[in-house]
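Please read the points below with the sequence and the model at hand.

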Amino acid sequence: MNLGRTVAVRLLVFAASLFVASIAIFLVVNALPGDVATAILGFGADPASIAELRARLGLDRPLLVRYFSWVGGMISGDMGRSYLTNESVTALVAPRIGVTAWLVVISMLIAPLVALPLGMLAAMKRRTWQGAAASTVSQIGLSIPAFYAGILLVIVFAVGLHWLPANGYTDLVDASGRWRPVAFLQHLVLPVTSLVIVQASVLTRYVRSAFVEVLSEDYFRTARAVGWTRWRALWRHGVRNAAISVVTVIGLQLATLLVGAIVVEQVFRLPGLGTALLSAVANRDLIVVQGIVMVLVFAVLVINLLTDLSYLLIDPRLRGRDAR
Amino acid sequence: MVSGRISRRALLGGTAAIAVSAAACSGPSTPSATPKTLSVGASLEPPTLDPTMSDAASIPQLLLYNVYETLVKMDSDGNIKPLLAERWDVSSDHLTYTFTLQQGAKFASGTAVDAAAVVAGIQRMRTSTSSTIKRQLAPIASVAAQNSSTVVVTLSQPSNEWLYSMTSTAGMIVDPASTDMATKPMGSGPFAYSSWTKGDSITLDKNTKYWGTPGRFDDVTLRYYVDPNAMTTAMLSGDLDIISSLQAPQSLSQFSDTAKYTIVEGTTTGKVTMGFNHSNAALSQLKIRQAICYAIDRKALLDTVWAGHGQLIGSHVAPTEPYYEDLSNTYPFDPAKAKALLAEAGVTNLSLRLRVPVVKYATDSATFVQSQLKDVGITVTIEQLDFARWLTEVFTNGDYDMTIVNHVEARDLVKWADPKYYWHYNNPELQALVKEADAGSADDYVQLMKQAAELLANDAAADWLFLMPNLVVTTSDVTGVGQNATSLSFDLTTIASR
């Protein structure tokens, strides 16, 4: 009963956030200097042709009318049509979501695999050179921007060694329906690596401090006292306890990973949401910009909602708090 | 190390497997050969594929002559040649053009390119939203089909520019069946539009019904790179066969291995122009404009900004245009003279806003110009605007003192005759020359346009910083790339590969 009410409140907050976001996005995007009609016409722009095109695109309608027609459409699943090509925004954005999602999800799965052992090593051996080395590696990884790591990786593995393609993307299933898993992975290795370097470094630091804390806990000392080795005690008790804070960080990191992916898409020319967003901004195809930002906001809000709800499941103490 | 070796082998094995499967798939249609493909790197992705809406040069780069054909074509020497029209006759009063069409020409859809289709195509272009095409086709009074293979175009006034325009975007003959030019171009060229992966590439397939010499590739993919260095690395790592226009000339040395790469260097019709806003009180004075031109060492600018590739021109004319002459020495670098002219004009503490789009040639040139004008006592404030904002604020609203942009179109000197154009240059003498040239005989045209170019140069109407070079890099087995880009098309029809 209490849980049901709490979930309902969270869902209401979620819906309200989406609504507020839609207003903010619309206002900010429409305040951008520059105009889509001029951008389309280019050097062929003169006042008459600009006015003609603006009228044809419905841009001569008042701001409020345009906002409600956009939001009204979205409620019924229609995100409008591109000013540039008259294609449906949904059809333009949908294939882009997959590219960005692959990038984010694969990176998010690999980062902990690197961070957990490295962070544990850094915690366990923090007074020896191995621990210092692990900490240093994560500090260096943290200091290298993902795009720069990307450029370096391209120079070494694509230009120098010819092992991997420099940039571009191949769908898992191509247009003719053939499976292309190898080409798909080849194109993702370098972009995922450049994202993982940063993500794993951030995580390593959290893992390290979480385990350092565990090492000073009473239950750990007890486990050692009954004769368990340090690694066994850490594995049986430490991992589970440290996991709570690490999982929280992973949830928070998802949003920054999404931003990182947008930058990395540029470096590797991946046709994801990031490249779509930048080209739509460059052409002032505002309805597409609005659509993509809305999708990103939606994704972040869903991640937050799920994180919130998962807390409720994990920690019963939180369930009553909102309901009271 | 070991893992590195294993992964490498796995990856190479994977590539081989894909190549084999691709070959197997192509089996039924061409039993012995793998499909012949060409991968071309280009810098700007088209915003839309509809040339009647957008003036973006990336549209004709992809579609002109490759997908859409024109009655007449611009060859690589800048001459007008037959294409869909086998020949054309001009009446003695220069008002009636009679085009005899190629027999057997067909659109990729299979429909014949007959007189009715050509008339419909010209009419479609006349109703363009783009003011450029509207202006270019404005001399047309009527278009009619005399019989199934003859089209008669009547002009309201004689115009040399008009026939030239018919070699460019304005002359594209669109399939009458086409309803969605923005995403599904339908023409009669040797290649047909196949697919567009937004943010990545556009693919053209060979038009198997082509009426003329068939295309030499089964499919051609234009890949778009916002970052010129990404295009260079893609070429170096073997992902591309051609860089259609190198935007990072400093990286040219990376392609010096002639066993692997061929570099084609020639001219384009792109004039990198530092425009003055003539409605600005200071810049409306000849002496001040001259002072600015004397103050800038364009040779040094070219060396710094474009690694010395390209050439100095001195007026709004490219070397492949018929009325070109070298006017680059009209205002040789002479800072002392610049200072003297400023003193004569009685100006001190001149301060100007240089508002440029964020493109490499413009921002780099702006910095150079700023430092050289500082030496003669002119303070320049640089503002960088993204291109869409530049189009609104500078190009449309005229809110600037000076700006730098590459005018890519051929034979666009005529724009100086429009006082409403963003330079706000209102010179009746030039307007009269351009008008007279357009209406005159072919010889008059060249002579009068030469005079117009000289007039612009002497009047320091702008400072033409340099002519953008045509820098194409190909793998060594690609041949037939035109040395000079005389039109906006990246002409695939001449390109072959061993």
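The points that follow treat chain A as a whole and then part of chain B.

1. This is a predicted model, in which local features need pLDDT of at least 70, side-chain atom pairs count only at pLDDT 80 or more, and totals for chains, interfaces and linings use all residues. Residues are numbered from 1 along each chain as its sequence is written, chains are lettered from A and ligands numbered from 1 in the order in which they are written, and side-chain values use heavy atoms, with hydrogens and water left out.

2. Chain A contains 13 helices and zero strands; helices (H or I, at least four residues) and strands (E, at least two) are DSSP runs, numbered from the N terminus. The C-alpha trace of chain A spans about 85 × 65 × 40 Å along its principal axes.

3. Of the 324 residues in chain A, 46% are buried, that is, under 20% relative accessible area with a 1.4 Å probe, protein chains only.

4. In chain B, strand 10 (residues 191-197) and strand 11 (residues 201-206) run antiparallel and are joined by six bridges; two strands pair if DSSP finds at least two bridges between them. Ala192(B) has Asp205(B) in strand 11 as its bridge partner. Three residues lie between the strands of this hairpin, where Gly199(B) takes a positive phi near 85°.

5. Strand 11 of chain B is also joined to strand 12 (residues 219-224) of chain B, by five bridges and in antiparallel fashion. Here Asp205(B) stands opposite Asp219(B) in strand 12 of chain B.

Conventions
Buried means under 20% relative accessible area, exposed over 50%, partly exposed in between (1.4 Å probe, protein chains only).
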